[in-house]
Amino acid sequence: MRNDSGALLKVDGLEAWYGESHILHGMKFDVHQGEVVTLLGRNGAGKSTTMRSIMGMVAKRKGSVSFDGTETIAMNSNKIARLGVALCPEERGIFASLNVKENMVLPPVVKPGGLPLSEVYELFPRLAERANSQGTKLSGGEQQMLAIARILRTGATMLLLDEPTEGLAPVIVQHIGDIIRKLKERGFTILLVEQNFHFAATVADRHYVVEHGHVIDMIPNADLQANMGKLKGYLGV
Ligand SMILES: Nc1ncnc2c1ncn2[C@@H]1O[C@H](COP(=O)(O)OP(=O)(O)OP(=O)(O)O)[C@@H](O)[C@H]1O
(Lines give C-alpha, C1' and ligand atoms only; values in the text may rest on other atoms or scores of the structure.)
Protein backbone atom coordinates (compact mmCIF):
# COMPACT_ATOMS: atom_id res chain seq x y z
CA MET A 1 0.00 0.00 0.00
CA ARG A 2 1.31 3.46 -0.92
CA ASN A 3 1.47 6.07 1.81
CA ASP A 4 -0.93 9.01 2.02
CA SER A 5 0.83 11.27 -0.46
CA GLY A 6 0.89 8.51 -3.07
CA ALA A 7 4.69 8.54 -2.98
CA LEU A 8 6.65 5.33 -3.54
CA LEU A 9 9.57 6.68 -1.51
CA LYS A 10 8.88 9.16 1.26
CA VAL A 11 11.68 10.67 3.32
CA ASP A 12 10.61 12.77 6.27
CA GLY A 13 12.68 14.32 9.03
CA LEU A 14 15.71 12.18 8.15
CA GLU A 15 18.74 12.80 10.37
CA ALA A 16 22.08 11.02 9.98
CA TRP A 17 25.47 11.08 11.64
CA TYR A 18 28.95 9.78 10.84
CA GLY A 19 30.33 9.27 14.34
CA GLU A 20 29.68 12.57 16.10
CA SER A 21 29.31 14.53 12.84
CA HIS A 22 25.68 15.40 12.28
CA ILE A 23 25.25 15.36 8.47
CA LEU A 24 21.53 15.21 7.66
CA HIS A 25 19.21 17.69 9.34
CA GLY A 26 15.60 16.81 8.64
CA MET A 27 15.75 15.74 4.97
CA LYS A 28 12.24 15.72 3.53
CA PHE A 29 11.20 14.78 0.00
CA ASP A 30 9.27 12.16 -1.90
CA VAL A 31 9.47 10.27 -5.16
CA HIS A 32 6.39 8.97 -6.93
CA GLN A 33 6.10 5.70 -8.81
CA GLY A 34 7.71 6.06 -12.26
CA GLU A 35 9.33 9.43 -11.58
CA VAL A 36 12.93 10.43 -12.11
CA VAL A 37 13.90 12.84 -9.34
CA THR A 38 17.28 14.44 -8.68
CA LEU A 39 19.06 15.64 -5.60
CA LEU A 40 21.17 18.63 -6.59
CA GLY A 41 23.51 20.52 -4.28
CA ARG A 42 27.03 21.64 -3.59
CA ASN A 43 29.81 19.24 -2.61
CA GLY A 44 29.31 17.99 0.91
CA ALA A 45 25.62 18.99 1.07
CA GLY A 46 24.65 15.45 2.11
CA LYS A 47 23.29 13.95 -1.13
CA SER A 48 25.28 10.70 -1.00
CA THR A 49 24.63 10.39 2.71
CA THR A 50 20.92 10.62 1.94
CA MET A 51 21.19 7.78 -0.60
CA ARG A 52 23.21 5.66 1.82
CA SER A 53 20.77 6.37 4.64
CA ILE A 54 17.82 5.31 2.48
CA MET A 55 19.68 2.03 1.84
CA GLY A 56 20.29 1.51 5.57
CA MET A 57 24.04 1.94 5.14
CA VAL A 58 24.51 4.77 7.66
CA ALA A 59 24.42 3.26 11.12
CA LYS A 60 23.27 6.29 13.07
CA ARG A 61 20.08 7.68 11.59
CA LYS A 62 16.57 8.59 12.64
CA GLY A 63 13.39 10.05 11.21
CA SER A 64 11.25 8.30 8.63
CA VAL A 65 12.01 6.64 5.31
CA SER A 66 9.13 4.67 3.86
CA PHE A 67 9.08 2.64 0.70
CA ASP A 68 5.75 1.62 -0.77
CA GLY A 69 4.14 2.27 2.61
CA THR A 70 6.68 0.26 4.64
CA GLU A 71 8.75 2.13 7.22
CA THR A 72 12.40 1.20 6.71
CA ILE A 73 14.30 3.47 9.11
CA ALA A 74 15.04 0.61 11.53
CA MET A 75 15.73 -2.02 8.86
CA ASN A 76 19.16 -3.27 7.82
CA SER A 77 20.32 -2.86 4.24
CA ASN A 78 19.58 -6.46 3.21
CA LYS A 79 16.00 -6.12 4.32
CA ILE A 80 15.65 -2.78 2.53
CA ALA A 81 17.10 -4.31 -0.65
CA ARG A 82 14.49 -7.07 -0.49
CA LEU A 83 11.77 -4.40 -0.74
CA GLY A 84 13.14 -3.60 -4.20
CA VAL A 85 15.46 -0.64 -3.61
CA ALA A 86 19.01 -0.71 -4.99
CA LEU A 87 21.90 1.73 -4.85
CA CYS A 88 24.41 2.25 -7.63
CA PRO A 89 27.17 3.96 -5.63
CA GLU A 90 29.39 6.79 -6.80
CA GLU A 91 32.47 4.52 -6.67
CA ARG A 92 30.63 1.98 -8.90
CA GLY A 93 32.02 -1.05 -7.07
CA ILE A 94 32.98 -3.18 -10.07
CA PHE A 95 34.99 -6.29 -9.18
CA ALA A 96 38.22 -5.71 -11.09
CA SER A 97 39.26 -9.36 -11.21
CA LEU A 98 35.92 -10.54 -12.63
CA ASN A 99 34.68 -10.12 -16.17
CA VAL A 100 31.52 -8.26 -17.19
CA LYS A 101 29.28 -11.31 -17.14
CA GLU A 102 30.63 -12.50 -13.77
CA ASN A 103 30.09 -9.03 -12.30
CA MET A 104 26.58 -9.04 -13.66
CA VAL A 105 25.45 -12.34 -12.18
CA LEU A 106 27.07 -11.73 -8.81
CA PRO A 107 24.50 -9.65 -6.93
CA PRO A 108 21.75 -11.78 -5.42
CA VAL A 109 18.30 -11.48 -6.92
CA VAL A 110 16.38 -9.91 -4.03
CA LYS A 111 12.97 -9.78 -5.61
CA PRO A 112 11.30 -11.67 -8.45
CA GLY A 113 11.19 -9.65 -11.65
CA GLY A 114 14.86 -8.84 -12.16
CA LEU A 115 15.80 -8.40 -15.81
CA PRO A 116 17.28 -11.53 -17.40
CA LEU A 117 20.77 -11.17 -18.85
CA SER A 118 19.39 -11.11 -22.40
CA GLU A 119 17.28 -8.02 -21.64
CA VAL A 120 20.13 -6.31 -19.83
CA TYR A 121 22.30 -6.87 -22.89
CA GLU A 122 19.55 -5.40 -25.10
CA LEU A 123 19.66 -2.24 -23.00
CA PHE A 124 23.47 -2.24 -22.93
CA PRO A 125 24.74 -3.71 -26.23
CA ARG A 126 28.22 -2.50 -25.32
CA LEU A 127 28.24 -4.82 -22.30
CA ALA A 128 27.24 -7.75 -24.50
CA GLU A 129 30.28 -7.03 -26.69
CA ARG A 130 32.48 -6.80 -23.59
CA ALA A 131 30.94 -9.79 -21.73
CA ASN A 132 34.28 -11.57 -21.32
CA SER A 133 36.38 -8.49 -20.56
CA GLN A 134 37.84 -8.13 -17.11
CA GLY A 135 36.69 -5.25 -14.90
CA THR A 136 40.14 -3.63 -15.05
CA LYS A 137 39.93 -3.41 -18.86
CA LEU A 138 36.69 -1.40 -18.91
CA SER A 139 36.49 2.32 -19.59
CA GLY A 140 34.81 4.59 -17.04
CA GLY A 141 31.64 4.64 -19.14
CA GLU A 142 31.56 0.85 -19.44
CA GLN A 143 32.07 0.52 -15.70
CA GLN A 144 29.16 2.88 -15.08
CA MET A 145 26.93 0.93 -17.48
CA LEU A 146 27.90 -2.30 -15.73
CA ALA A 147 27.15 -0.78 -12.33
CA ILE A 148 23.64 0.16 -13.48
CA ALA A 149 23.11 -3.10 -15.38
CA ARG A 150 24.01 -5.08 -12.29
CA ILE A 151 21.29 -3.58 -10.13
CA LEU A 152 18.68 -4.19 -12.83
CA ARG A 153 19.34 -7.91 -12.40
CA THR A 154 18.35 -7.83 -8.72
CA GLY A 155 14.65 -7.17 -9.22
CA ALA A 156 14.83 -3.69 -7.71
CA THR A 157 12.18 -1.27 -8.98
CA MET A 158 13.52 1.82 -7.22
CA LEU A 159 17.00 2.72 -8.39
CA LEU A 160 19.26 5.11 -6.49
CA LEU A 161 21.96 6.34 -8.89
CA ASP A 162 24.74 8.35 -7.26
CA GLU A 163 26.44 10.62 -9.81
CA PRO A 164 26.25 8.22 -12.76
CA THR A 165 27.79 10.78 -15.15
CA GLU A 166 30.77 11.74 -13.00
CA GLY A 167 34.01 11.89 -14.99
CA LEU A 168 32.45 10.63 -18.23
CA ALA A 169 32.88 12.05 -21.74
CA PRO A 170 29.88 13.97 -23.14
CA VAL A 171 28.95 11.22 -25.59
CA ILE A 172 28.84 8.65 -22.76
CA VAL A 173 26.83 11.07 -20.60
CA GLN A 174 24.26 11.23 -23.43
CA HIS A 175 24.19 7.45 -23.52
CA ILE A 176 23.58 7.26 -19.77
CA GLY A 177 20.73 9.73 -20.31
CA ASP A 178 19.22 7.43 -22.97
CA ILE A 179 19.42 4.52 -20.55
CA ILE A 180 17.71 6.46 -17.77
CA ARG A 181 14.89 7.51 -20.12
CA LYS A 182 14.46 3.87 -21.24
CA LEU A 183 14.33 2.71 -17.62
CA LYS A 184 11.67 5.31 -16.88
CA GLU A 185 9.64 4.06 -19.87
CA ARG A 186 9.88 0.57 -18.41
CA GLY A 187 8.37 1.85 -15.17
CA PHE A 188 11.44 2.10 -12.94
CA THR A 189 11.47 4.85 -10.33
CA ILE A 190 14.79 6.66 -10.11
CA LEU A 191 16.42 8.92 -7.55
CA LEU A 192 19.52 10.51 -8.99
CA VAL A 193 22.32 12.50 -7.39
CA GLU A 194 23.84 14.85 -9.95
CA GLN A 195 26.42 17.62 -10.08
CA ASN A 196 25.63 18.21 -13.75
CA PHE A 197 22.32 20.07 -13.70
CA HIS A 198 22.31 20.40 -17.50
CA PHE A 199 22.24 16.61 -17.66
CA ALA A 200 19.69 16.40 -14.84
CA ALA A 201 17.37 18.62 -16.89
CA THR A 202 17.40 16.08 -19.74
CA VAL A 203 16.20 13.14 -17.63
CA ALA A 204 14.34 14.28 -14.52
CA ASP A 205 10.77 15.25 -13.67
CA ARG A 206 11.65 17.21 -10.53
CA HIS A 207 14.73 18.45 -8.71
CA TYR A 208 15.29 18.84 -4.99
CA VAL A 209 18.03 21.22 -3.93
CA VAL A 210 19.97 20.06 -0.86
CA GLU A 211 22.02 22.34 1.36
CA HIS A 212 23.59 21.56 4.75
CA GLY A 213 21.74 18.27 5.07
CA HIS A 214 18.23 19.37 4.23
CA VAL A 215 16.07 20.28 1.25
CA ILE A 216 15.83 24.00 0.59
CA ASP A 217 13.81 23.99 -2.63
CA MET A 218 12.00 21.78 -5.13
CA ILE A 219 11.94 22.78 -8.80
CA PRO A 220 9.77 20.94 -11.35
CA ASN A 221 11.82 20.25 -14.45
CA ALA A 222 9.31 22.20 -16.54
CA ASP A 223 10.21 25.30 -14.49
CA LEU A 224 13.96 24.75 -14.50
CA GLN A 225 14.87 27.18 -17.26
CA ALA A 226 12.85 29.94 -15.61
CA ASN A 227 14.61 29.19 -12.32
CA MET A 228 18.13 28.80 -13.71
CA GLY A 229 19.47 31.93 -12.00
CA LYS A 230 18.14 30.79 -8.64
CA LEU A 231 19.50 27.27 -9.14
CA LYS A 232 22.97 28.54 -10.09
CA GLY A 233 22.91 30.65 -6.94
CA TYR A 234 22.12 27.59 -4.83
CA LEU A 235 24.90 25.62 -6.49
CA GLY A 236 27.41 28.47 -6.47
CA VAL A 237 28.17 28.21 -10.19
N1 LIG B 1 32.24 8.04 5.77
C2 LIG B 1 32.24 9.28 6.21
N3 LIG B 1 32.71 9.61 7.45
C4 LIG B 1 32.71 10.88 7.91
N5 LIG B 1 32.22 11.94 7.21
C6 LIG B 1 31.76 11.68 5.97
C7 LIG B 1 31.74 10.36 5.41
N8 LIG B 1 31.21 10.44 4.17
C9 LIG B 1 30.90 11.74 3.96
N10 LIG B 1 31.23 12.48 5.04
C11 LIG B 1 31.01 13.92 5.20
O12 LIG B 1 29.60 14.14 5.18
C13 LIG B 1 29.30 15.34 4.51
C14 LIG B 1 28.29 15.06 3.40
O15 LIG B 1 28.93 14.24 2.45
P16 LIG B 1 28.13 13.62 1.20
O17 LIG B 1 29.07 12.73 0.47
O18 LIG B 1 26.83 13.08 1.64
O19 LIG B 1 27.87 14.95 0.33
P20 LIG B 1 27.43 15.11 -1.16
O21 LIG B 1 26.37 16.14 -1.18
O22 LIG B 1 27.11 13.78 -1.75
O23 LIG B 1 28.73 15.72 -1.80
P24 LIG B 1 29.68 15.22 -2.99
O25 LIG B 1 29.02 15.72 -4.21
O26 LIG B 1 30.96 15.89 -2.68
O27 LIG B 1 29.75 13.72 -2.91
C28 LIG B 1 30.62 15.92 4.01
O29 LIG B 1 31.04 16.89 4.94
C30 LIG B 1 31.54 14.72 4.03
O31 LIG B 1 32.86 15.13 4.27
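Biologist: Starting with R92: buried or exposed, and why?
Modeller: R92 counts as buried, because it has 20 C-beta neighbours inside 10 Å. Keep in mind that this is a predicted model.

Biologist: Where is R92 placed?
Modeller: R92 is in the loop between β6 (85–88) and α3 (100–105).

Biologist: How many C-beta neighbours does H212 have inside 10 Å?
Modeller: H212 has 13 inside 10 Å, so it counts as partly exposed.

Biologist: What about E211, what does that touch?
Modeller: Setting aside residues up to four places away in sequence, E211 touches G41, A45, I216 and Y234. E211 belongs to strand β9 and is partly exposed, because the count is 17 C-beta neighbours inside 10 Å.

Biologist: How far apart are E211 and A45, in sequence and in space?
Modeller: They are 166 residues apart in sequence, yet C-alpha to C-alpha they are 4.9 Å apart.

Biologist: Changing topic to the ligand. Which residues are around it?
Modeller: The residues around the ligand are Y18, S21, I23, G41, N43, G44, A45, G46, K47, S48 and T49. A45 is one of them, and that residue is also touched by E211.

Biologist: Which elements give two or more residues to that shell?
Modeller: Those are β2 (21–32) and α1 (47–54). The largest share, three residues, comes from α1.

Biologist: What's the shell like by class?
Modeller: Seven polar, three nonpolar and one charged.

Biologist: Back to α1, how many of its residues are buried?
Modeller: Eight of the eight, so α1 is largely enclosed by the rest of the structure. K47, S48 and T49 are among the buried ones, and those three are also around the ligand.

Biologist: What comes just after α1?
Modeller: G56, with a positive phi of about 80°.

Biologist: Now α7. How does its span compare with what you'd expect?
Modeller: It agrees: at 1.5 Å a residue, the 16 residues of α7 (170–185) should span 22 Å, and the end C-alpha atoms are 23 Å apart.

Biologist: Which residues are buried there?
Modeller: I179, I180 and L183. Down the axis of α7, the buried residues fall within an arc of 100°, so they line one face of the helix. In general, an α-helix has 3.6 residues a turn, so residues three or four places apart point the same way.

Biologist: What's on the face turned away from that buried side?
Modeller: Exposed residues: P170, V171, D178, K182 and E185.

Biologist: And what covers the buried residues?
Modeller: The cover includes β3 (36–41), α4 (117–123), α6 (140–152), β7 (158–162), β8 (189–193) and α8 (197–203). Following α7 there is G187, with a positive phi near 100°.

Biologist: Since α6 came up, how many of its residues are buried?
Modeller: Eleven of its 13 residues, so α6 is mostly covered. Its buried residues pack against β6, α3, α4, α5 (125–129), β7 and α7. From first C-alpha to last, α6 reaches 19 Å, close to the 18 Å expected at 1.5 Å a residue.

Biologist: Last one: what does UniProt place at residues 9–237?
Modeller: The UniProt record, an unreviewed entry, has the feature "domain: ABC transporter" there. In the model, that span is 33% helix and 28% strand, and its end C-alpha atoms lie 30 Å apart.

Conventions
Residues numbered from 1 in each chain as written. Predicted model: local features only at pLDDT ≥ 70, side-chain atom pairs only at ≥ 80, totals over all residues. Helix = DSSP H or I, 4+ residues; strand = E, 2+ residues; numbered from the N terminus. Expected span 1.5 Å × (residues − 1). Buried ≥ 20, exposed ≤ 12 C-beta atoms within 10 Å, placed from the backbone. Arc of directions from axis to C-beta. Contact = placed C-beta atoms within 7 Å. Near = placed C-beta within 6 Å. Nonpolar A, V, L, I, M, F, W, Y, C, P; charged D, E, K, R; others polar. UniProt positions renumbered as here; feature names shortened; annotations may be inferred.
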